Amino acid sequence: MKVLVPVKRVVDYNVKVRVKSDGTGVDIANVKMSMNPFDEIAVEEAVRLKEGGKVTEVIAVSAGVTQCQETLRTAMAIGADRGILAEVGADVELQPLAVAKILKALAEKEQPQLIILGKQAIDDDCNQTGQMLAALLGWPQATFASKVVLEDGKVTVTREVDGGLETLALSLPAIITTDLRLNEPRYVTLPNIMKAKKKQLDIVKPDELGVDVAPRVKTLKVAEPPKRSAGVKVPDVATLVAKLKNEAKVI
């Protein structure tokens with residue numbers, strides 16, 4: 001049984017992002033990049049399923065520039081068996097729909113029984129790719145997974161919702177998007193990093209997959225949030241309540 005795990009190269013979560021002076025986007029020049037944390041959780045879960053004897057092969061896939069090979073190597077160091085990169089130029093903006101179409105084409109080629117991906121990327125926070133992919137493939141989906149159990153030809157997923165937890169049973173093939181509490185990814189050791197360099201990594205172009213990656217949405221402007229204004233001190237509780245009621249209008 002194959003599992004496909006899409007991973008995305010994003011600005012490292014420890015880096016303070018800077019907006020370009022012309023407002024066209026985020027400046028990523030000379031900035032540390034790493035795997036999207038939610039995707040790292042997805043890779044870890046797929047590898048655990050393989051270690052538990054439920055899965056035979058874990059395939060990491062990514063779409064983006066040449067440097068995404070580093071992200072795929074990280075996924076293979078965690079435990080993925082091989083990687084596939086749908087490579088595009090640095091001037092190409094990949095939006096969720098285009099990525100979903102690329103993943104659909106790769107899924108039809110590889111025929112996995114399960115696709116596990118992060119619920120969202122920390123750079124654009126779209127939370128769209130998994131749902132779009134499920135719609136394109138016509139597969140059942142379970143989003144925001146906090147527990148995954150694979151047995152008897154189906155997958156049982158516990159997902160986090162506003163009211164608590166919801167449990168879904170999906171027939172295979174299926175798509176799962178991961179939440180933070182699903183697992184804690186393992187520390188990647190140096191021997192596994194060295195082994196990952198020898199694992200198979202295939203590179204394809206979106207055109208070869210028959211996918212048009214032209215953007216459907218245009219970003220007009222990117223701006224930093226306004227700076228928080230300074231607070232004020234009040235002499236007593238009565239004044240505080242009056243300000244909350246009359247000025248802030250929150251009570």
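**Exercise 1. What percentage of the 251 residues in the protein do buried residues make up?**

Solution. The structure is a predicted model, in which local features need pLDDT of at least 70, side-chain atom pairs count only at pLDDT 80 or more, and totals for chains, interfaces and linings use all residues. Residues are numbered from 1 along each chain as its sequence is written, and side-chain values use heavy atoms, with hydrogens and water left out.

Step 1. Apply the cut-offs: buried means under 20% relative accessible area, exposed over 50%, and partly exposed in between (1.4 Å probe, protein chains only).
Step 2. Of the 251 residues, 41% are buried.
Step 3. For an example, turn to α2, where the buried residues are Cys68, Thr71, Leu72, Ala75, Met76, Ala77 and Ile78. Helices (H or I, at least four residues) and strands (E, at least two) are DSSP runs, numbered from the N terminus; the protein has six helices and 13 strands.

**Exercise 2. Determine which elements give two or more residues to the lining of the second largest pocket.**

Solution. Step 1. A pocket is an open set of points on a 1 Å grid over the protein atoms alone, where a 1.4 Å probe fits, with protein on both sides within 12 Å along at least five of seven lines; lining residues have an atom within 4 Å of a point.
Step 1. The lining consists of Arg9, Asp12, Tyr13, Lys32, Met33, Ser34, Met35, Pro37, Glu40, Glu70, Thr71 and Thr74.
Step 2. By class, the lining holds four nonpolar, three polar and five charged residues.

**Exercise 3. Classify valine 250 and asparagine 127 as buried, partly exposed or exposed.**

Solution. Step 1. Valine 250 lies in the segment after α6 (237-246). Because its relative accessibility is 57%, valine 250 counts as exposed.
Step 1. Asparagine 127 belongs to the loop between β8 (114-118) and α4 (129-137). With a relative accessible area of 23%, asparagine 127 is partly exposed.

**Exercise 4. Identify residues other than glycine with positive phi, and locate a cis peptide bond.**

Solution. Step 1. Asparagine 127 has a positive phi near 55 degrees.
Step 1. Phenylalanine 144, in strand β9 (residues 141-151), also has a positive phi near 55 degrees.
Step 2. The bond from leucine 172 to proline 173 is cis, with omega near 0 degrees. Proline 173 is in the loop between β11 (164-171) and β12 (174-178).

Technical notes: Ala, Val, Leu, Ile, Met, Phe, Trp, Tyr, Cys and Pro count as nonpolar, Asp, Glu, Lys and Arg as charged, and the others, Gly among them, as polar.
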